[in-house]
Amino acid sequence: MPPVRLPAFFRRAAAAALALGALAGAACAAAPAPEALPPAYARWQSSMDAFAAADQARAPAPGGVLFVGSSTIRLWTDLRQDFRQLPVVINRGFGGSTMADCNALVSRLVLQYRPRQVIVYAGDNDLAESRSPQEVLESFRAFVATVRAELPGTRISYVSIKPSPLRAALLPQIREANALLAQYLHGVPDSDYIDIFTPMLAADGQPRAELYGPDRLHMNAAGYELWQAAIAPHLDGSRSAPAGQAQAQAGGAR
């Protein structure tokens with residue numbers, strides 16, 4: 001039986017499909033594999049790989065506002081919607097991370113995106129892992145130095161360490177760390193200290209439980225609404241205070 005010969009149209013369509021498949025395969029083969037992290041930070045490999053995959057699918061434009069830090073940032077699912085007035089909002093939060101981790105991975109988390117502003121929330125987990133308030137400050141100082149060396153025009157805003165019911169025993173260390181960070185930022189041009197510590201305390205000086213979920217550590221929708229209101233004035237030229245001025249008193253230091 002003679003072989004069936006497809007019409008020219010179908011032959012051309014099949015050839016085009018094969019060519020596209022070959023090009024896609026070549027592109028995948030050409031894409032570099034994400035660089036492995038040093039052993040000390042290997043636990044964050046999957047998070048860094050996920051960021052790299054997201055960038056490959058749709059790379060954020062430079063000049064945006066980048067949020068970086070621990071699970072409080074990672075779990076902010078409405079982040080882009082809450083700050084929709086900004087053209088580019090990048091979420092680079094990774095759960096369980098510390099200020100020390102953010103400093104060590106700053107090239108991957110911040111520098112490559114060339115943002116115009118970085119919003120940092122980290123330090124909570126450092127204290128929970130028995131690092132001192134001074135160590136949190138030193139990690140943040142190193143982070144600022146690296147960002148400023150590579151991106152001198154980028155504004156750096158630090159969100160104070162929050163008072164959570166689960167970590168109420170750490171309130172003295174949190175107050176001390178916030179005071180150190182606020183004092184440091186007071187002398188750093190183009191920076192902000194954003195106090196969310198004070199409004200998250202009840203009249204008795206304890207964390208407001210209604211701002212948190214069942215685990216008493218991560219915030220609920222009401223907590224994020226408070227954060228959105230506190231951070232918004234520091235974004236996109238809407239700040240009312242001079243550059244580099246701490247916006248509140250040392251996160252409720254007493």
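**Exercise 1. Which backbone oxygen lies 3.2 Å from a polar atom of the side chain of Ser 97?**

Solution. Keep in mind that this model is predicted.

- Step 1: Locate Ser 97. Its place is in the loop between strand S2 (89-93) and helix H5 (99-104).
- Step 2: The relative accessible area of Ser 97 is 0%. Buried means under 20%, so Ser 97 is buried.
- Step 3: List its contacts, leaving aside neighbours within four places in sequence. They are Trp 44, Gly 69, Ser 70, Cys 102 and Asn 125.
- Step 4: Pick out the oxygen. The backbone oxygen of Gly 69 is the one at 3.2 Å.

**Exercise 2. Find which strands pair with S3, and in which sense.**

Solution. 

- Step 1: Take S1 and S3. They pair in the parallel sense over five bridges. Phe 67 stands opposite Ile 119 in S3.
- Step 2: Take S3 and S4. They run parallel and are joined by four bridges. Val 120 has Tyr 158 in S4 as its bridge partner. Ile 119 has Ser 157 in S4 as its partner.
- Step 3: Look at the two sides of S3. Gln 117, Ile 119 and Tyr 121 point one way, while Val 118 and Val 120 point the other way.
- Step 4: Conclude. Five of the five residues of S3 are buried, so the rest of the structure largely encloses this strand.

**Exercise 3. Trace the path from S4 to S5 and give its handedness.**

Solution. 

- Step 1: Inspect S4 itself. Arg 155, Ser 157 and Val 159 lie on one side, Ile 156 and Tyr 158 on the other, and all are buried. Five of the five residues of S4 are buried, so S4 is largely enclosed.
- Step 2: Move on to S5. Four bridges join S4 to S5, and the two run parallel. Ser 157 stands opposite Asp 192 in S5.

**Exercise 4. Decide where the buried residues of helix H10 fall around its axis.**

Solution. 

- Step 1: List the buried residues of H10 (residues 221-231). They are Gly 223, Tyr 224, Leu 226, Trp 227, Ala 230 and Ile 231.
- Step 2: Look down the axis. These residues fall within an arc of 155°, so they line one face of H10.
- Step 3: Turn to the face away from the buried side. Here sit the exposed residues Ala 221 and Glu 225.
- Step 4: See what covers the buried residues. The cover includes strand S1 (65-69), helix H3 (71-74), S3, S4 and strand S5 (191-194).
- Step 5: Finish at the N-terminal end. Asn 220 caps H10, with a side-chain oxygen 3.1 Å from the backbone nitrogen of Ala 222.

Conventions. Residues numbered from 1 in each chain as written. Predicted model: local features only at pLDDT ≥ 70, side-chain atom pairs only at ≥ 80, totals over all residues. Heavy atoms only, no water. Buried < 20%, exposed > 50% of the residue type's maximum accessible area, 1.4 Å probe, protein only. Arc of directions from axis to C-beta. Contact = heavy atoms within 4.5 Å. Polar contact = N/O pair within 3.5 Å; in protein donor to acceptor, adjacent residues only side chain to side chain. Pairing = 2+ DSSP bridges. Right-handed = clockwise from strand over helix to strand, strands pointing away.
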